[in-house]
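Visitor: I would like to go through this model term by term, with the criterion behind each label.

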2 protein chains.
Amino acid sequence: MAKKNAFYAQSGGVTAVINASACGVIETARLHKSEIGKVYAGNNGIIGALREELIDTSKESAKTIAALRHTPSGAFGSCRYKLRSFEENKAEYVRLIDVFQAHNIAYFFYNGGGDSQDTAHKVSQISAKMGHPITCIGIPKTVDNDLPITDNCPGFGSVAKYVAISTREAGLDVASMCASSTKVFILEVMGRHAGWIAAAAGLAKEQENDPPHIILFPEMAFDETKFLKKVKQAVKKHGYCVIVASEGVHYKDGRFLSDTGQRDAFGHAQLGGVAPTLATMVKDKLGYKYHWAVSDYLQRSARHIASATDVEQAYAMGKAAVEFALAGKNGVMTTIVRKPGKTYRWEVGEAKLSDVANVERKMPRSYISRDGFSITDECRAYLQPLIIGEDYPPYKNGLPQYARLKKVLVEKKLKQTFKV
Amino acid sequence: MAKKNAFYAQSGGVTAVINASACGVIETARLHKSEIGKVYAGNNGIIGALREELIDTSKESAKTIAALRHTPSGAFGSCRYKLRSFEENKAEYVRLIDVFQAHNIAYFFYNGGGDSQDTAHKVSQISAKMGHPITCIGIPKTVDNDLPITDNCPGFGSVAKYVAISTREAGLDVASMCASSTKVFILEVMGRHAGWIAAAAGLAKEQENDPPHIILFPEMAFDETKFLKKVKQAVKKHGYCVIVASEGVHYKDGRFLSDTGQRDAFGHAQLGGVAPTLATMVKDKLGYKYHWAVSDYLQRSARHIASATDVEQAYAMGKAAVEFALAGKNGVMTTIVRKPGKTYRWEVGEAKLSDVANVERKMPRSYISRDGFSITDECRAYLQPLIIGEDYPPYKNGLPQYARLKKVLVEKKLKQTFKV
């Protein structure tokens, strides 16, 4: 029997380092050519598998694959597409298995967040039932850092570094303007249900009076009176106030401060505009001149200032996924395990996909200060190592040079098309 | 008679490299101790002079002063405060001269944009009339790149680099998500009347299909129909559309797409929110899913990714200002002169303050494509050299280490206080 091929797909919102995981998968598979045939990547994630649009990564040079390590976003395309349950839409699973069979694929590496690990888990179970068992290994990825079991999620360290640096830099800007101009600056960051990204801004504070002066977490119900009081205090004490707000900040009744009304494919509300909402509140109630910024995609694609630790871990997760598959493991996700001790050290671990799927890890209460507006030393100790090290991409003409893939599609083998 | 002291002040919106100019001034003055006594810096710009709040830079170590070269924002504080005309408010000028006389100040280095050069010009004229002549040298600074005569303005190259990199990175993000999610991404950048910063995003485009697909300049009246047609075309052709919009985008009748209603001390409208306005337009008329970002202060404080060319020029402008003063020049601003030839080379030049004051340099029409939505090769040739080179700050604990000043104030000598 011919060597089995592997399928790799990127899923959900992309990160500055998800391609480093792809690099880890492909480079490691290339080291094991006697065991793994080709690595096919889904064109736009799992949708590529359903449409039988498989990118033949063997057509990319070693140099291009190596460049994935320093290229942000999803080089093969990602998607927001969640497979429904087997009972609800059996056809999708049948199609997946058909495509995998047609292309002699026996390994499925799924690089994503909680929803994706759920999909990987289902495929692992169903493929066995359907007589074409697929080895399914999850590779963690999410800027939200909300996966359970793994100490942290690849992608988070880099967005954390970006947010901490941006807070420090913008904080210096406001400090220098506040005597006669802007008094309040608000930076809106990602984090729908978990405040990890907002928390990372807290790392910018090295001395007592340093910004940020207020962090707003989705884990803490927003209280306008308390918030405004805190803003006023900060302006009085420091002359200015820097606020970092998670996009998921909401009132006690669950209402988001700003809900655009849009929904994504997973049914999640598309948020945006917390910063201008807060700015208007500050202006109306306190009269301070404000500025606000919304980083949006900039924060999660900022490979130019990625955390070296994050890059290394993202690569290691991809590499380990292939090694796990070759070692006969199945239905697991690679994880980052923090070793005990004062000096930060980590190693690769594993978690059952069934334990990971659809579990969302929020910030522990002990990571948030008593008043709810900053991080504790315990939180700082957790976050600090994740942003260590710079891993600069190569530059040409003043701009980072990112990989450009050929993306050669494998010839289709199935007669039937599949509507996605 | 004792050696004369110098006064240095930062003015207006700060930049990633204005402190590099301060570094140039102070380090150069320290090399000429036989000619220049102390360098006093205005605490929060010119307001510091009026209030007699002078920071004694001689109290800062050589190491701290050197660190200014890699520290963003205005380390001594800046301000948005424009001296009125001599006729309107003579008291301010009298006060300035009083303070300068009291502290034996004979050199005034004013680091700012057009409004500030106007102030420097007035001080130069009036001080002579009042019998205490002050040597006034302007040091250019503005992310808006809108000063005349100088080839470009320190501060611009770094924001240009930041915007070009962010556009490239976020563009990759959208490209990888567009199959099933976000189709349109809008990045709002600074630039009230001149589109230089928005234009810089165009540098991200290396190949025909690369983002940005649309740039909106304040120099071109916004036409909703044309804009939406262009968005639709881009999404059809590329699967997605990346738009970079200047905050100053306005309709033919001059109405800004989004005017917050706030005014700064110079009477300029405080803008913000063009991106969400455009996003809503795209959603309502074309139905595409969107994301938007507003960089605001992040773009002009992003010292972590400053242009090495910009840093070098900012330093050179400060250094030359002191050298000009010592050479007996007065009433001039240091400038950057681009030398002819294919390879980019530049040298220090000078412009009369009277020629610089209150002149705003917009983008020439030849820098904007015929359809008004992108930059021309001529523009690219102008912009390209300005973002060349990386000048990374030192890092500790994963974060850039920026200068912390002691800011020791000189003992006041005047009995009268002055209300600003």
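Predicted model: local features only at pLDDT ≥ 70, side-chain atom pairs only at ≥ 80, totals over all residues.

Visitor: Why is P133(B) called partly exposed?
Guide: A residue is buried if 20 or more other C-beta atoms lie within 10 Å of its own, exposed if 12 or fewer, and partly exposed in between, with C-beta atoms placed from the backbone. P133(B) has 15 other C-beta atoms within 10 Å, so the label is partly exposed. P133(B) sits in the loop between α5 (114-129) and β5 (135-140) of chain B. Helices (H or I, at least four residues) and strands (E, at least two) are DSSP runs, numbered from the N terminus.

Visitor: With which residues is P133(B) in contact, leaving aside its neighbours within four places in sequence?
Guide: They are S127(B) and A128(B). Two residues are in contact if their C-beta atoms, placed from the backbone, lie within 7 Å.

Visitor: Is N44(B) buried or exposed, and what makes it so?
Guide: N44(B) has 29 C-beta neighbours inside 10 Å and therefore counts as buried. N44(B) lies in the loop between β2 (36-42) and α2 (46-50) of chain B. Its phi is near 65°, a positive value in a residue other than glycine.

Visitor: What class does I149(A) fall into, and why?
Guide: I149(A) has 17 C-beta neighbours inside 10 Å, so it counts as partly exposed. I149(A) also has a positive phi, near 70°, and is not glycine. Its place is in the loop between β5 (135-140) and α6 (156-177) of chain A.

Visitor: What is omega for the peptide bond from P211(B) to P212(B)?
Guide: Omega is near 5°, and this bond is cis. P212(B) is found in the loop between α7 (196-200) and β7 (214-216) of chain B. In chain A, a cis peptide bond joins P211(A) and P212(A), with omega about 5°.

Visitor: How do you know how the two copies are related?
Guide: Copies are superposed by least squares on the C-alpha atoms of residues with pLDDT of at least 70 in both. A rotation of 180° with 0.0 Å of shift along its axis superposes chain B on chain A, at RMSD 0.0 Å. The two copies are thus related as by a two-fold rotation axis. Of the residues of chain B, V294(B) comes closest to that axis, at 2.5 Å (C-alpha).

Visitor: What makes β3 and β13 of chain A stand at the edges?
Guide: The open sheet of seven strands has the order β3-β2-β1-β4-β5-β12-β13 (chain A), with mixed pairing. β3 (54-56) and β13 (346-352) of chain A each have a single partner strand, so one side of each is left without a neighbour in the sheet. Neighbouring strands of this sheet are turned by 30° against each other on average, direction ignored.

Visitor: How many bridges join β12 of chain A to β13(A)?
Guide: Seven bridges join strand β12 (residues 332-338) to β13(A), and the two run antiparallel. Two strands pair if DSSP finds at least two bridges between them. R338(A) stands opposite W346(A) in β13(A).

Visitor: Which strands does helix α5 of chain A lie across?
Guide: Helix α5 (residues 114-129) lies across β4, β5 and β12 of chain A, running at about 165° to β4(A). Axes are lines fitted to C-alpha atoms, for helices over the stretch in contact, and angles run from 0 to 180 degrees between N-to-C directions.

Note on methods. Residues numbered from 1 in each chain as written. Chains lettered and ligands numbered in written order.
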